[in-house]
Amino acid sequence: MKSTAGSAEYSQPRIGDYLRENKLEAEDNARVYSRPTMLEKEGDGAKVGEGYHSVRTRERRAEDDLLERILSPDNLNAAYEQVKRNKGSHGVDGMTVKQLLPYLCTHGKELSDSILGGTYKPQPVRRVEIPKPDGGVRLLGIPTVVDRVVQQAVAQVLSPIYEKKFSNSSYGFRPERSAQQAIEQSRTYINEGYTWAVDIDLEKYFDTVNQDKLIRIMSLDIKDGRVISLIRKFLVSGVMTNGVVIETEEGLVQGGNISPLLSNIMLHELDCELEKRGLRFSRYADDCNIYVKSSKAAERVMKSITRFIEEDLKLKVNQNKSTVDRPWNLKFLGFSFYYSHKKGEYSIRVHEKPIKKFKSKLKELTGRSNGMSMDVRLLKLKRAIQGWVNYFRLADMKTLAKQLDEWVRRRVRMVIWKTWKRIRTRYTSLLRLGLDKSEAWQYAKTRKGYWRISSSPILHRTITNKILEKRGLVSISDIYLKR
């Protein structure tokens, strides 16, 4: 197989030249991936008069032909489309998503043949460090765009197999499941009387997954050894840092297309153990809260589950962050809980930490010296506000939304006042907004600081909420109430 390192020489052609009826095609009208699917070869469903042994033979053949299903034209084209939608940065070879299609049109069959023949070798991932809000860094790995297509193709075929097995209490990175559903399930447990929580934090989970353990677990369900071998290649492909390739003998690449599925497969063992014990829990990826009725039961569960995780799953529990406490004292997926006397039950609220982080983001966007134009500033504010409210829409935050709105409007008024700068500019601007000459002149000459003047009655009278809304500032309260 040719290296993708020289991909930069390919220019991006028009997509229409290669996509026909949502299928990738080369210029000679041949499919990029021309191998027939398993269903095309075997048909769909049992045939009339087909006996039990014939059906089982066909099912075993289907299990053995899993790699052919992964490399089917429909599946690979769907994988390419998903990678294109995800966009993302380049890998170690420098090939971008825009350069991916012409490369696949030229080398698609060669790529497919190398995977079938067992000669395909994923390239190392590119190491990227993302700062964490509470300090430290999160290590991400960015595969090449070609490897992302292959990973996505594998994930699309394996996901339906494991979705039938996964626990109903698992919500992370699964179709039609969300963090909000995990929180709603937690609230249900709390209102049923399970008012003690065991909050288990897995230390550097993605970096410490035992690869041999994961492969053994997958081998129980995946009978096509070629697929298992392909997944193993992804696990040991290595990481490139500062031009040096480091071997990866443990862990998953946090950032690969198949990593969320592999993560859930590993932690499904934990789900099974919790269900076997009859415990109530809610898990989103590696964030897991277990709910019990007493502090003694919580301490007992913490001790026994920690032992299971470390001895059976070969993972590490962070003893400093794992804790036993009341759910309303904990942060789970950015949410927490409180008792609503009005409703007579426990309800959902936004935890203090994401509020603080959100205000820090808004403060950055409304900084006096960041050099943004007002149009760009308001557009970024809109995106940040909409994203935050949409995530926390489940929480009760009518009062919080109102307080945040007042604070944001004050920040924007401060920015506007600073952009006026000169006394003459302030004077004419205040006149235009309806002040008389004496008041306009008095406030134009003020020596009060920007933050102090932003809360003055004069700016509230002139730069009104309606003017800010017309200018493009969105209301947190309006978005929340319309959810």
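Student: Take S477. Does S477 count as buried or exposed, and at what relative accessibility?

Tutor: Two notes on the source. Residues are numbered from 1 along each chain as its sequence is written, and this is a predicted model, in which local features need pLDDT of at least 70, side-chain atom pairs count only at pLDDT 80 or more, and totals for chains, interfaces and linings use all residues. Side-chain values use heavy atoms, with hydrogens and water left out.

Now S477. At 16% relative accessibility, S477 counts as buried. The cut-offs are these: buried is under 20% relative accessible area, exposed is over 50%, and partly exposed is in between, with a 1.4 Å probe and protein chains only. S477 sits in helix 21, residues 476-481. Helices here are DSSP runs of H or I with at least four residues, strands are runs of E with at least two, and both are numbered from the N terminus. Leaving aside residues up to four places away in sequence, S477 touches A401, K402 and D405. A contact means heavy atoms within 4.5 Å.

Step back to the whole chain. The chain has 21 helices and 12 strands. Of its 483 residues, 47% are buried. Among contacts with a separation of 6 or more, 72% join residues 24 or more positions apart.

Next, helix packing. Two packed helices are described by the angle between their axes and the distance between the axes. Axes are lines fitted to C-alpha atoms, for helices over the stretch in contact, and angles run from 0 to 180 degrees between N-to-C directions. Angles under 35 degrees count as roughly parallel, over 145 as roughly antiparallel, 65 to 115 as roughly perpendicular, and the rest as oblique.

Start with helix 13 (residues 352-365) and helix 14. Their axes come within 10 Å and cross at roughly 170 degrees. That makes helix 13 roughly antiparallel to helix 14. Helix 13 contributes P354, I355, F358, L362 and L365, which meet R377, K380, L381, A384, I385 and W388 of helix 14. By class, this contact has nine nonpolar, no polar and two charged residues.

Compare helix 5 (residues 100-117) and helix 6 (residues 145-163). They pack at an angle of about 55 degrees, with axes 11 Å apart. That makes helix 5 oblique to helix 6. The crossing is right-handed. A crossing is right-handed if the near helix is turned clockwise from the far one by less than a right angle, and left-handed if anticlockwise. L100, Y103, L111 and I115 of helix 5 make the contact with V145, V146, V149 and V150 of helix 6. These residues divide into eight nonpolar, no polar and no charged.

Now the rings. A pair of aromatic rings is described by the distance of the centres and the angle of the planes. Rings of Phe, Tyr and Trp (its six-membered ring) pair if their centres lie within 6.5 Å; planes under 30 degrees apart are stacked, over 60 edge-to-face, and the rest tilted. By this rule there are 14 aromatic pairs. One of them, Y120 with F234, is edge-to-face, at 6.2 Å centre to centre and 70 degrees between the planes. This pair links distant parts of the chain: Y120 is in the loop between helix 5 and strand 3 (125-131), F234 is in helix 10 (residues 225-235), and they are 114 residues apart. Both Y120 and F234 are buried.

F335 and Y391 have ring centres 5.5 Å apart and planes at 35 degrees, so the pair is tilted. F335 is in strand 11 (residues 335-340) and Y391 in helix 14 (residues 374-391), 56 residues apart. F335 is buried, at 0% relative accessible area. Y391 counts as partly exposed, at 29% relative accessibility. Ring pairs join F335, F358, W388, Y391 and F392 into a cluster. F358 and W388 also belong to the contact of helix 13 with helix 14.

K296 is exposed, with a relative accessible area of 69%. K296 lies in helix 12, residues 295-311. K296 and W196 are 100 residues apart in sequence, yet 9.5 Å apart in space, C-alpha to C-alpha.

Technical notes. Ala, Val, Leu, Ile, Met, Phe, Trp, Tyr, Cys and Pro count as nonpolar, Asp, Glu, Lys and Arg as charged, and the others, Gly among them, as polar.
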